[in-house]
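Colleague: Before I rely on any labels for this structure, could you take me through the rule behind each one?

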Amino acid sequence: RINIRVRQRIKQGAIEETIQLLEQYPDWKPEAKAALGYSEIEHYLAGDVSMESLIDLWTLHEVQYAKRHLLWWNHRPTIEWIDAEDSAQKDA
């Protein structure tokens, strides 16, 4: 799903958005550019990576981020997890 979402974000204009932000904010702080997607797109725009490498890197970084979140949440014993799909079926 993450790979599909990355590809959708590119189709929806993530590259154009990054170009616009870089033009509008030439002194864009490194912390802001560190957000997932922007740094990978910057490497693509600089010619450091191909489009396919951009997608692969961005997907990898999103997967790593998702795993870190799951690890963090899974160490919270008071969290009660529900299956969103199961819940939606009960409401139908």
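This is a predicted model: local features need pLDDT of at least 70, side-chain atom pairs count only at pLDDT 80 or more; totals for chains, interfaces and linings use all residues.

Modeller: Residues are numbered from 1 along each chain as its sequence is written, and side-chain values use heavy atoms, with hydrogens and water left out.

Colleague: Why is Glu62 called buried?

Modeller: Buried means under 20% relative accessible area, exposed over 50%, and partly exposed in between, with a 1.4 Å probe and protein chains only. Glu62 has a relative accessible area of 7%, so Glu62 is buried. Glu62 sits in helix α5, where helices are DSSP runs of H or I with at least four residues, strands are runs of E with at least two, and both are numbered from the N terminus.

Colleague: What makes Arg5 and Glu62 a salt bridge?

Modeller: A salt bridge requires a side-chain nitrogen of Lys or Arg within 4 Å of a carboxyl oxygen of Asp or Glu. The closest N and O atoms of Arg5 and Glu62 are 2.9 Å apart, so the pair qualifies. Because Arg5 lies in helix α1 and Glu62 in helix α5, the pair ties together parts that are 57 residues apart in sequence.

Colleague: How do you know that the buried residues of α2 lie on the same side?

Modeller: In helix α2 (residues 14–24), Ala14, Ile15, Thr18 and Leu21 are buried. They cover an arc of only 125 degrees around the axis, which puts them on the same side of α2; the arc is that of the directions from the helix axis to the C-beta atoms. The face turned away from the buried side carries the exposed residues Glu16 and Glu23.

Colleague: Why is Trp81 called exposed?

Modeller: Trp81, in the loop between α5 and α6 (84–91), has a relative accessible area of 52%, and is therefore exposed by the cut-off already given.
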